[in-house]
Amino acid sequence: MAEHDCGNEAAAYALGALEPAEAEAFALHMESCAVCRDEVAAFALVVDALPLAAPQHEIPRALRRRVMAQARAQPPPHAAATAPRWAWRGLAAAPRGAMAAFAVALAALALVGGIELSKGGTPTRVIKASIGAAELDISGGHGQLIVQKLPPPAQGRIYELWLQHGSSSPLPSTLFSVNSHGTADVGVPGDLHGVSRILVTDEPAGGSATPTGKTLIVAMLS
Amino acid sequence: MYLPTRLTRSTDLGLLADEDLMARVYAGDTRAFAVVFDRHAAVAFSLAYRMCGRRALAEEVVQEAFLSLWRSGARYERARGSVRSWVLAVVHHRAIDVLRHESARAGRDIHDEELGASLPAEERTDLEVERRSDARLVRNALDELPADQRKVIELAYFSGFSHSEIAELLGIPAGTVKGRMRLGMGKLRLALGDSVDVLL
């Protein structure tokens, strides 16, 4: 660690203390720098432990009552429905500008040199990745997305996977990060029947109801 | 999705790992959600309270984070395999938003007097005892750092300041701030050793 000198960005990055442009540049740098990736991964473990350095308090009983009351009053729609209706409501309410920006981002990605991974005979699909590499294995209607050389999301960000049916708006599927080597093995929840594209975008921690960040990976299924 | 049917009481659910509980949460099981809440809300609230400095704001941040987990079900950060990390990252992110919003209104307070007061202690469970023991370990490691290194880490993590803002606050070059962060974080990593993988 001491001989490596890419600046002192790794700790500041892990703490979320870089300015947005610096964080983006450092994330790109990590793509080709294993030392910085390892350093950030080590610091990320410390960051995960830092909440315990705060003075510890009990859970306020009133807070627990409120949270549980709201949970009982508003069951997650996907629990009772066969289709994720909550996502459709979110999309219907999405600002037109956001969807237009997403369409532009997709168009831009189409111009990026795609990475085609086909393993003769195996159901692996064509993937376009603007950063890193990815492949999608499909078996029995279920998909497994394997990404490589993808930098860890910036502090307060997360990668989000989307399913798109035909030309309709993408529906949120799952959230993921990558390990210190930039790889992740992401199971795609549910059946892929009728899905035309699988997308990965960069989103705020907690995910978004509609895509707001940069589109990094696109898998064409039909 | 496979859901074990024999585990129906809350006490039984308490035996399940977070990942198994989240499968039930995704299916709308409020008892499983309550178990997840009871496991992680205290540290989440403590973090939010440390960052926001006001109990009402901290409760609001924690409530939003857990209801987000409830609504989104299994859409937490699976790759890191930790519900706790996901919840704390959301709490941290939202608390920083609150801090910035408050800062725009009245200036950011980094020395809130309320933080000195402890909330009333309730019945201590084994989990609670373990949490406080882990907290002592991390707190001691942080306290052992040279004051200048501890300061920049606390300002960045708990107060949400960027390295440029910290440099301005402390009247030192930004490079010095980042250097202190790196030294301090390196020492914390060594001090916590393998225990960071198993805390909570």
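**Helices and strands in a predicted model**

Me: Why are α2(B) and α3(B) called oblique to each other?

Reply: In this predicted model, helix α2 (residues 18-26) of chain B and α3(B) pack at an angle of about 140°. Angles over 145 degrees count as roughly antiparallel, under 35 as roughly parallel, 65 to 115 as roughly perpendicular, and the rest as oblique. The angle of about 140° falls among the rest, and the pair is therefore oblique. The axes of the two helices lie 8 Å apart, and the crossing of α2(B) past α3(B) is left-handed.

Me: Which residues make the contact of α2(B) and α3(B)?

Reply: From α2(B) come D18(B), L21(B), R24(B) and V25(B), and from α3(B) come A32(B), F33(B), V35(B) and V36(B). By class, six are nonpolar, none is polar and two are charged. Asp and Arg count as charged, and D18(B) and R24(B) are therefore the charged residues of this contact.

Me: What makes the contact between α4(A) and α3(B), and how do these helices cross?

Reply: The axes of helix α4 (residues 61-73) of chain A and helix α3 (residues 30-52) of chain B come within 11 Å and cross at roughly 145°. The crossing is right-handed. Chain A contributes L63(A), R64(A), V67(A), M68(A), A71(A) and R72(A), while chain B contributes T30(B), F33(B), A34(B), F37(B), A41(B) and F45(B).

Me: Which helix supplies the largest share of the side of chain B that touches chain A?

Reply: The contact takes 56 residues from chain A and 68 residues from chain B. On the chain B side, α3(B) gives the largest share, with twelve residues. That side divides into 37 nonpolar, 15 polar and 16 charged residues.

Me: What makes strand β4 (residues 157-164) of chain A largely enclosed by the rest of the structure?

Reply: A residue is buried if 20 or more other C-beta atoms lie within 10 Å of its own. Seven of the eight residues of β4(A) are buried, so the strand is largely enclosed.

Methods:
Residues numbered from 1 in each chain as written. Chains lettered and ligands numbered in written order. Predicted model: local features only at pLDDT ≥ 70, side-chain atom pairs only at ≥ 80, totals over all residues. Axes fitted to C-alpha atoms, helices over the stretch in contact; angles between N-to-C directions. Helix = DSSP H or I, 4+ residues; strand = E, 2+ residues; numbered from the N terminus. Left-handed = near helix turned anticlockwise from the far one by under 90°. Contact = placed C-beta atoms within 7 Å. Buried ≥ 20, exposed ≤ 12 C-beta atoms within 10 Å, placed from the backbone.
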